[in-house]
Amino acid sequence: MTAHVIGRRGFLGLGAGLLAAATAGCGFGGADAGLRVAWYGGAPVHEALDAALAAFTAGHPDAQLAAERAAFGDYWDKLATQAAGGQAPDVFRMSMSYFTEYGQRGALLDLGEVAGSIRVGDLDPSVADSGTVDGRVLGIGQSTITHAGFVNRTQLEALGLEVPQRGWTWDELADLARSFTAAAGDGRYGTVDAGGIMQIFDVYARQHGTDLFTADGALAVGRDVIEEWFTFWDALRRDGVAPPADVTTESRTFETSTLVTGRAPIHFGWVQQATFYQPLMRDVLEVVAVPAGADRSPAGQFVTALDFWCVSSETGEAERAAQLIDFLLNDDRAIRAVGVTLGIPPSERARSLLGVDPASAAGKAIALVDAVSGQVGPSPAPWPRGYGELQETFQRLSDEIGFGQSDPARAAATFADEADRVLSS
Amino acid sequence: MTAGAVMTAARLRASLPAYAFLAPWIVGMLGITLGPMLLSLYYSFTDYALLGDPRWTGWDNYARLLTDERFHTSLRVTVVYVALSVPLELAFALLVAVVLNRGLRGLAAYRAIYYLPSLLGGSVAVAILWRQIFGRDGLVNDVLALVGVDGPGWVSSPEYSLLTLVVLRVWQFGAPMVIFLAGLRQIPDDVYEAARIDGAGAVARFVRITLPLLSPIIFFNLVLQTIGAFQAFTPAFIVSGGTGGPSDSTLFYTLYLYQRAFGSFEMGYAAALAWVLLLVIGVLTGLNFLFRRYWVFTEDEPGGVR
């Protein structure tokens, strides 16, 4: 009888224990973990930042750091969920694509209030400013970027064509691509189809007088300019100079890009991507500006920070967080550890400290930033909420033209309507 | 204290161990299933961006469904996917099960081999593999090239991309096949024998005996596979790189829901989408059960199919 009762109590205890464990599960995470630092990236980024954090801990033995690493795609699901649960990491890497979203929703700490310890004096001015929203410093730029064209020198020269120079125009791009296609034959194309890349279209729009979006987050560019852009690429596609849509939709990763597979010698993207493409290729890659308008000026481009270091508005360790960010930006050991894995370093000092070989992809990327940074136009306002969604919409509409399901005029109108809807919600 | 209260207290004490045993399930049910479900029902009536607080908007999210063209696209894509893949998968599973049931040697090995894709098919790795096989320079086109056909990029052309996902699902026929095999074993041999004596051919035996006697199993598989197909996510997510492309041709319902939730932080709208999906699946399953009596044979009803 006694044993029976004890047995029953034991089971009750087990049930209660499970219940308690389940309840406690909701409150997991954080408290004693020290300063949680989160970022996205591939293996090189993880190794570089681990080394930088180790250097920080070596100098601050009392600091406890916990790293949370993720790939770009997974990172945002996790961060959003953590932030919603009040469990965001203390310091995290933030992309321009989501910066406004998080900033406007109050998830980011105003570093102006603790910023005494973050020295931004060395940063390129356009980078230092790009983390400021409505007078509040919500993020510190961690890299400098600008738009770039990537050109396969080996392929062009093999066919007797010349590598384009800074100041080349869209017409010259089309001519070069046509010449290459005519000479190369055998399933190769003159250029990547950049018609769906909204961020390159941004340059084109600025050459036509407006940013993509106004400072208060409405569509600024006109439908006629969008249509003109789609028409430009549609013509290249129809003539077989840019690849057909099914090739394009299959080649949207670095590894499968037409540049890396050797199917097209011209490609577009952000300047630091040269360091992603070059290791995947045997041919020699050159980094040039994006084609210009008739005035041959790079004013359509801009130099800005692509990614930021941010601090959670719910952190209990704001000062330590600021200390860490300052270290990552300014300390020689951190600069050396990070190298160019996060992009082009955001200060002249860091770039010269690294002493990158000018013939390397990183060196060419840095050279382009240095060359255009005095001549580019003003940086646009931080990207509006919904930017990421519109980027996908732009690409989808371009695909639809390529697949013959739409035409430039209709796609331009659809994009303008979609932008109005997304940006007003 | 009344006698009744004493009775109740005593009965409760007596059943406490039962509740203790049930506790893990109850906790899971309340905390992991029911709680989040009710919460998502609430969110579906709000504007909720995950980072801020939800704001009550009444039926707005549901009203928006009516004019959201990408929602309509995703619904159409998913219905086409279900309508093509489920019957094909079941037919294929049944075919293989009938062949395997003819008493092959090494049946267990065959069964295991054919079951394998079911275990792997939903995985990310296989979806990536699919992309390679059906890519423009993939295996399929290499084979077609041998016979002089220049194939398109199957996963990257809107006309064919959904079909490659249908093929991926049909390839995972192992789970229904195993269930069919078990069902086929239940059909007594003497029924076939009697039919054979009466001069019934193979086709007649299959149509007149196998199909009716197997119909409860077919029904079971149909319901399960239909629900599963509606909830498919991974293949489209991986094969299209998360976009549902090319040009929304593989925009599964669940993928669109995911994009709304985690791409643009529209948790309220995504919750509404989830509830509509639940409703759609519920109605279809209900219809399945409704039509069941017209074609499913149950032994306890004399005369079989009514």
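In chain A of this predicted model, helix α4(A) lies across strands β3 (91-95) and β12, running at about 115° to β3(A). Both strands belong to an open sheet of five strands, whose order is β2-β1-β3-β12-β6 (chain A) and whose pairing is mixed. The edges of this sheet are formed by β2 (65-70) and β6 (140-141) of chain A, each of which pairs on one side only. A further helix, α2 (residues 43-59) of chain A, packs on the sheet, where it touches β1 (35-40) and β2 of chain A; the direction of α2(A) makes about 170° with that of β2(A).

Strand β8 (residues 147-152) of chain A is connected to β10(A) by four bridges, in an antiparallel arrangement. The bridge partner of N152(A) in β10(A) is L285(A).

The division of chain A into domains comes next. Domain 1 comprises 5-142 + 306-354, while domain 2 comprises 145-302 + 381-424. The C-alpha centres of these two domains of chain A lie 33 Å apart. Their contact takes twelve residues from domain 1 and eleven residues from domain 2 of chain A. On the domain 1 side, the largest share, six residues, comes from α4(A), the helix that lies across β3(A) and β12(A). By class, that side of domain 1 has six nonpolar, five polar and one charged residues.

In total, 33 residues of chain A are in contact with 31 residues of chain B. The elements of chain A that give two or more residues to this contact are α1 (2-25), α3 (72-84), α4 (96-104), α10 (245-250) and α16 (387-402). Of these, α1(A) gives the most, with eight residues. The side of chain A that touches chain B has 15 nonpolar, six polar and twelve charged residues.

Turning to chain B, an unreviewed UniProt entry annotates residues 21-45, 79-100, 112-130, 160-184, 205-224 and 270-291 as "transmembrane region". Among these spans, residues 205-224 of chain B are 100% helix and 0% strand, and their end C-alpha atoms lie 27 Å apart. Residues 270-291 of chain B are likewise 100% helix and 0% strand, with end C-alpha atoms 32 Å apart.

One helix pair of chain B illustrates the packing. Helix α3 (residues 69-100) and helix α10 (residues 202-230) of chain B pack at an angle of about 145°, with their axes 9 Å apart. The crossing of α3(B) past α10(B) is right-handed. From α3(B), the residues T78(B), Y81(B), V82(B), S85(B), V86(B), E89(B) and L90(B) meet I218(B), N221(B), L222(B), Q225(B), T226(B), A229(B) and F230(B) in α10(B). By class, this contact has eight nonpolar, five polar and one charged residues.

Definitions and conventions
Residues numbered from 1 in each chain as written. Chains lettered and ligands numbered in written order. Predicted model: local features only at pLDDT ≥ 70, side-chain atom pairs only at ≥ 80, totals over all residues. Contact = placed C-beta atoms within 7 Å. Nonpolar A, V, L, I, M, F, W, Y, C, P; charged D, E, K, R; others polar. UniProt positions renumbered as here; feature names shortened; annotations may be inferred. Pairing = 2+ DSSP bridges. Axes fitted to C-alpha atoms, helices over the stretch in contact; angles between N-to-C directions. Domains from an automatic or database assignment. Left-handed = near helix turned anticlockwise from the far one by under 90°.
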